[in-house]
Amino acid sequence: MSTLLIIAILLLGFIVVFQIAKASEYVSVLKGEKKTFEQNNRINGFLLLAFMILGLIGVYWCNELFKGRILGEAASDHGEKIDTMLYITIALTGVVFVITQILLFYFAFKYQHSEKRKAYYFPHDNRLEVLWTVVPAIALTILVGFGLFYWFKITGDPPKDATVVEVTGKQFGWVFRYPGKDKVFGKKYYKNIDEGKSNQLGLIWDDQAAHDDVVTNEALYLVVNKPVKIIINSRDVVHDLGLVHFRMKMDAVPGTPTTMWFTPKFTTAEMKEKTGNPDFEYEISCDQMCGKGHYSMKGIVKVVSAAEYALWLAKQKPNYVMVFPDKDPAAKPAVTDSTATAAVDNKKSLSN
Amino acid sequence: MSNEATLYGHSEVVTTHDVHHDEHHGHHHKETFITKYVFSQDHKMIAKQFLLTGIIWAIIGGLFSVLFRLQLGYPDQTFPILEELLGKWAAGGKIQPEFYYALVTMHGTVLVFFVLTAGLSGTFANFLIPLQIGARDMASPFMNMLSYWFFFLASIIMVSSLFVQTGPASGGWTSYPPLSALGDASEGSKAGMDLWLVAMAMFVVSTLLGGLNYVSTILNMRTKGMSMTRLPLTIWALFFTAVLGILSFPVLFSGFILLLFDRHAGTSFYLSDIFLASTQKALPNEGGSAILYQHLFWFLGHPEVYIILLPAMGMASEILSTNSRKPIFGYMAMIASLFAITVLAFLVWAHHMFVTGLNPFLGSFFVLLTLLIAVPSAIKVFNWLTTIWRGNLRFTPGMLFALGFVSLFISGGLTGIFLGNSTLDIHLHDTYFVVAHFHIVMGVASFFGMFAGIYHWFPKMYGRYLNNTLAFIHFWITLVGAYLIFWPMHYEGLAGMPRRYLDFSGWASFNQFGGLNRFISIVTMIVFAVQLLFVFNFFYSMFKGRRVTSQNPWGSNTLEWTTQINPGHGNWEGEIPEVHRWAYDYGKDGRDFISQTEPVGADESKH
């Protein structure tokens, strides 16, 4: 019913506007075309100026309204570089934006039609044209220079001591793999994927290196202040690993692994304090259209201290053990190192 | 360079014109309804066909955006009326995810290709090229007719894809495989995707037939005295547009053919290492590259941006100069910058792919080349500003839209400097910042160019004026609305809010913009309603508008205003006028305007 009402109101509005428009045409005939033209020209000239002034105030106001909601402090070293680059670009383009828009609308207002004025015949001026070829070229050289400087830092090789993690996108979720103690990822082949047998990445069990690989859907655990290199894969269509707080993003392409690296600066707990939000989590968003569940393809990153990380990792059962529980080395009593003991204790407490 | 001799074959009518021009005045050729309005070979009628089809598509495409803005603005509300209208796609009065993605996909496809390519350059290239260069028709009127009918066929197929049971294509207007290649990955990648691909293939054929015609007409059929450097900038822009289309659409076509092979012939051009959760099966395809498609797509996709934008630039140049009563500033620089943009357009495609795992070193070249485009763009902007500086501006609706175009081109162009810089693109890629950027610079700006063109040349098309009051309402609400819709989206993008999400309520990082999304949706609906007002004005004025009483209502220099008010097929009664000067002698030697057909006087000052 309300829809019909809205449509009726719309139609009515249309008719009213149309009648006014038609009437104004008759009025213009009565008043004389010249007079109507001059009147309309003055009104539009004034509106152009008003649009510019209100528009610039609006731009300022919009910025005041939203600046608090857009960028918290970048949570990675690369993010800081990207933010710096952002501010350089905003400053430069902002100046150009304000100047050119003011000139455009001010000229339009100032040089609106007048009987007295004759348009100035000014077809070209080489000096001016050279000026506004060279100045933008210099400005852009600066931007390209800064941009590429940061770009090569961000996309360059990660430090040798970086932790390596693998992230795989699938419709519609994320799978995380850690290489385990040997720090080597076991081989995998997509045709081995068998979700029924808990092998969601298709690990090859004949490869010894795969035996201690930890595979989890829970969260991407990272160590604070330690560089991490992420190897990104996809199991089906193109996804994109979007890490908004770290300002990082990289596509996940089936058949073609990609990588990114960065150093997280704040633990999740620190971010909870910084943002004043006790429920804060680093979110992973999928940033490449991947099907009907694209908008809900969320993952979580947990940035923790090195000690917490070691503890967490120790608690994880390798994928191999989940598939073949009888081969669980932790089930054997010979345990010497402390984190593993902790893991066993924890397992016991869980099973009790 | 008379083209009388080059017209033969289909143009008997025209020949008759030349022989008997003294006694006949345009109504001697026995045209049936079919040959005049349907299978017409008159470039002016074909232009109107493109325009009308474009308008219908624009309404459909715009309506799609209203529907998905409804979802974005009110994600937690239900609209029972939608279920009545759309059935299962809006079960329970809520737009379903599959349908949401179908809507955004079709919105993009329709507006980019069917409205802003066919509707814009199809209309104005057809209408203006012969009229402004002084030709009786296109080089091949028959091919020109085919161009429209292939477009019509493409339209029919695309419309029919909306009604298949599994829904239309829904993998985004870019249709990246593997998503678009596998029906098991998405419902929209079933029959809907095939129809989408076939429709797009027909569309490419249409564009090529049209483009070849435009280029050969401009190069060969200019009237006597119309050297290339005397052409109005509209023609230069349309010329480069056609060149871009001819060189890049075939690449898109090849990409689509390979995609069809992957879909139906078991090939692995784009497919590799895929395990689908929906069927729990691994596909046999190995060794393909999903990125290959993106290269092929964007090799067209980026020039496509300029295919859309250049005609708008050309028309804005012409309209700004005419209504400033002042020559366009830096005519040669304008041509040179169009040329530079055309060349660079082919060298920047990979800036859409900075985060696909593209080699960073290769990426750095694309950064450089992309930001280089800002130089010719800046030249154009400053030249437009200088054109209106110390002019005597008449704010006709066409002029207002041309000024709006410049404003939007500045705003949208500057954000391109953000996205073209790979460092920033890492953060901004596929966020609302991108949505804001390309909607302003390519979508709204080109629409403004198109509206400017329609308001300016409507009197030539139909011998009547559009209603001015409605035009002013249309302009002001559209300009203010466009900024209100897209400006705040930059902030959403800076916050990293991803595009192509139908509901942000599950996200702590992006859910702070609920109120803004609602605001944008409301403005969208108002702006859409005002576009309907324009459509109404268009059709009403076509039949009932104020009649044009003088041959040259805008006091313009170009040749189309030397024809009769309602020119017949063949454009000019009698001889085609000879051209003696460039198109921009406004305000020269104290004269308001000097038509291109007027010989240069002995005492005239040189410029």
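Modeller: Start with Asn225(A), which sits in the loop between strand S4 (220-223) and S5 of chain A. Helices (H or I, at least four residues) and strands (E, at least two) are DSSP runs, numbered from the N terminus. This is a predicted model: local features need pLDDT of at least 70, side-chain atom pairs count only at pLDDT 80 or more, and totals for chains, interfaces and linings use all residues. Residues are numbered from 1 along each chain as its sequence is written, while chains are lettered from A and ligands numbered from 1 in the order in which they are written.

Biologist: What is phi of Asn225(A) near?

Modeller: Near 60°, a positive value in a residue other than glycine.

Biologist: And why does Asn225(A) count as partly exposed?

Modeller: Because Asn225(A) has 14 C-beta neighbours inside 10 Å. A residue is buried if 20 or more other C-beta atoms lie within 10 Å of its own, exposed if 12 or fewer, and partly exposed in between, with C-beta atoms placed from the backbone.

Biologist: Which residue of chain B has a positive phi?

Modeller: Asn571(B), with phi near 70°. Asn571(B) lies in the segment after helix H17 (514-544) of chain B. Asn571(B) counts as buried because it has 23 C-beta neighbours inside 10 Å.

Biologist: Back to S5(A). Is it mostly covered or mostly open?

Modeller: Mostly covered: five of the seven residues of S5(A) are buried.

Biologist: What sheet is S5 part of?

Modeller: An open sheet of five strands in chain A, in the order S3-S2-S1-S5-S8, with mixed pairing. Its edge strands are S3 (214-216) and S8 (258-262) of chain A, each pairing on one side only. Two strands pair if DSSP finds at least two bridges between them. Direction ignored, neighbouring strands of this sheet are turned by 25° against each other on average; the axes are lines fitted to C-alpha atoms, for helices over the stretch in contact, and angles run from 0 to 180 degrees between N-to-C directions.

Biologist: How many bridges join S1 to S5 in chain A?

Modeller: Seven, and S1 (residues 163-170) runs parallel to S5 (residues 228-234). In S5(A), Ile231(A) is the bridge partner of Glu166(A), and Lys229(A) is the bridge partner of Val164(A). S5(A) also pairs with S8(A), in the antiparallel sense, over five bridges. There, Ile230(A) has Met260(A) as its bridge partner.

Biologist: New topic. Where are there cis peptide bonds?

Modeller: One joins Gln171(A) and Phe172(A), with omega about -5°. Phe172(A) lies in the loop between S1 and strand S2 (173-178) of chain A. The bond from Pro177(B) to Pro178(B) is also cis, with omega near 0°. Pro178(B) is in the loop between helix H6 (141-161) and helix H7 (191-220) of chain B.

Biologist: How many residues of the two chains are in contact?

Modeller: 105 residues of chain B are in contact with 98 residues of chain A. Two residues are in contact if their C-beta atoms, placed from the backbone, lie within 7 Å. Helix H16 (residues 468-494) of chain B gives the most to the chain B side, with 11 residues.

Biologist: And how does the confidence look?

Modeller: The model scores ipTM 0.91 and pTM 0.92. Chain B has a mean pLDDT of 92, and 95% of its residues reach 70 or more; pLDDT is the predictor's confidence in each residue, from 0 to 100. Over residues 1-27 of chain B the pLDDT is below 50.
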